[in-house]
Amino acid sequence: MALENIRLEVMKTIESKVDGFIDEYLIPVDDIWQPTDLLPNLQGEEGLEHVKQIREEAKELGYDFWVVLVADMVTEEALPTYESWLMDVEGVDQQRRADGEQNPWSKWVRHWTGEENRHGDTLNKYLYLSGRVNMREIEKTTQHLINDGFDIGTGRDPYKNFVYTSFQELATNISHKRVGQLAKKKGNKMLGKMCNIIAGDEMRHYMAYREFVKTIFEHDPSEMMLAFHDMMKKKIVMPAQFLRESGEGIAQAFENFSNAAQRLGVYTTYDYIEILKKLNAYWEIDKMRALTDEAEKARDYLMKLPDRMTRVADRIAIPKDEYQFKWVEPNGII
């Protein structure tokens, strides 16, 4: 049987569990927080005072901080790309059944998208109210990122895609959590709370996607191992890899944003390595048996990879100079 067919069979086999994953890892619309819960209520008498407070607190946050917060927001706002990509994965059927019910996998993607959509919406409104950034330039960057799409090296393979989402959801959890911690240290409780709550969503999503992979390992261990190996050998690229400013080409902006994140300690090469260690441990890679010869070699590679990457990371120097983005004025409030 062709590999694509095997993957489809596995996806079909675990399809019956997806509704359970939705109940366990996602929250109904009427119960979950909404952006308005975390932002000033402009219908109330104190709304404008809260906006003034946001603008005052914004003065205390440094240049690299704003660059990272903007790039995090733009990454979240590029959600149309992520939904269309996941809806095209093998085994995700967009058509409704004869009884009107959605295919469980497409239902997961849509419900996951609904939760993720709130993140960019929240941060976008905060940035707008802060008066600290050039929103029109940011909006251009967001549109460029959606127009340019991305290539994460997964194709339509569900195994590779779920490795990617497992990794990426934990990476975004770390980034949002650290940004929130930095904001709180500067006395910005509102932004700190906002980022921390968003990070909590990302953690739930990470726990779900890693469970998808664990379940696949139970049904098709060798092929799942090879897919994991392939993704880590190519390296997990960030969804904002094609980030760019207006009038600029693709390449420079993401690297400069990444350098800012590393200088702040928001997301570093060492975090990347720690995520790999966590996935290796959760999926119990070291205990995998009854694998094909090729899959055994893949397992051994994955177990040795963190130490190999650490040796490389120890030799990398992060540029100390801040790159001046069009998104953020270098001297205070715009």
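Leaving aside neighbours within four places in sequence, Arg210 is in contact with Ser166, Tyr282 and Trp283. The model is predicted. Arg210 belongs to helix α10, residues 189-219, and its charged end sits over the ring of Tyr282, 3.8 Å from the centre.

**Charged side chains**
- Arg210 is buried yet forms no salt bridge; Glu211, the nearest side chain of opposite charge, is 4.8 Å away, whereas a salt bridge needs a separation within 4 Å.
- Another arginine, Arg7, lies over the face of Tyr159, at 4.4 Å from the ring centre.

**Aromatic pairs**
- The count of aromatic pairs comes to 21.
- Phe254 and Phe257 form an edge-to-face pair, because their ring centres are 5.7 Å apart and their planes stand at 70°.
- These two residues, Phe254 and Phe257, are 3 residues apart in helix α12 and so are separated by about one helical turn; both are buried.
- Tyr323 and Phe325 also pair edge-to-face, with ring centres 4.8 Å apart and planes at 80°.
- Tyr323 is partly exposed at 23% relative accessibility, while Phe325 is buried at 5%.
- Ring pairs join Phe21, Tyr25, Trp105, Trp108, Trp112, Phe162, Tyr209 and Phe212 into a cluster.

- Most residues other than glycine have a negative phi.
- Lys235 has a positive phi, near 80°, and is placed in the loop between α11 (221-234) and α12 (252-264); Lys235 is exposed, with a relative accessible area of 54%.
- Ala290 has a positive phi of about 55° and lies in the loop between α13 (269-282) and α14 (293-313); Ala290 is exposed, with a relative accessible area of 75%.

Methods. Residues numbered from 1 in each chain as written. Heavy atoms only, no water. Helix = DSSP H or I, 4+ residues; strand = E, 2+ residues; numbered from the N terminus. Buried < 20%, exposed > 50% of the residue type's maximum accessible area, 1.4 Å probe, protein only. Lys, Arg positive; Asp, Glu negative; His and termini not counted. Contact = heavy atoms within 4.5 Å. Phe/Tyr/Trp six-rings, centres within 6.5 Å; stacked < 30°, edge-to-face > 60°. Lys NZ or Arg CZ within 6 Å of the ring centre and 35° of its normal.
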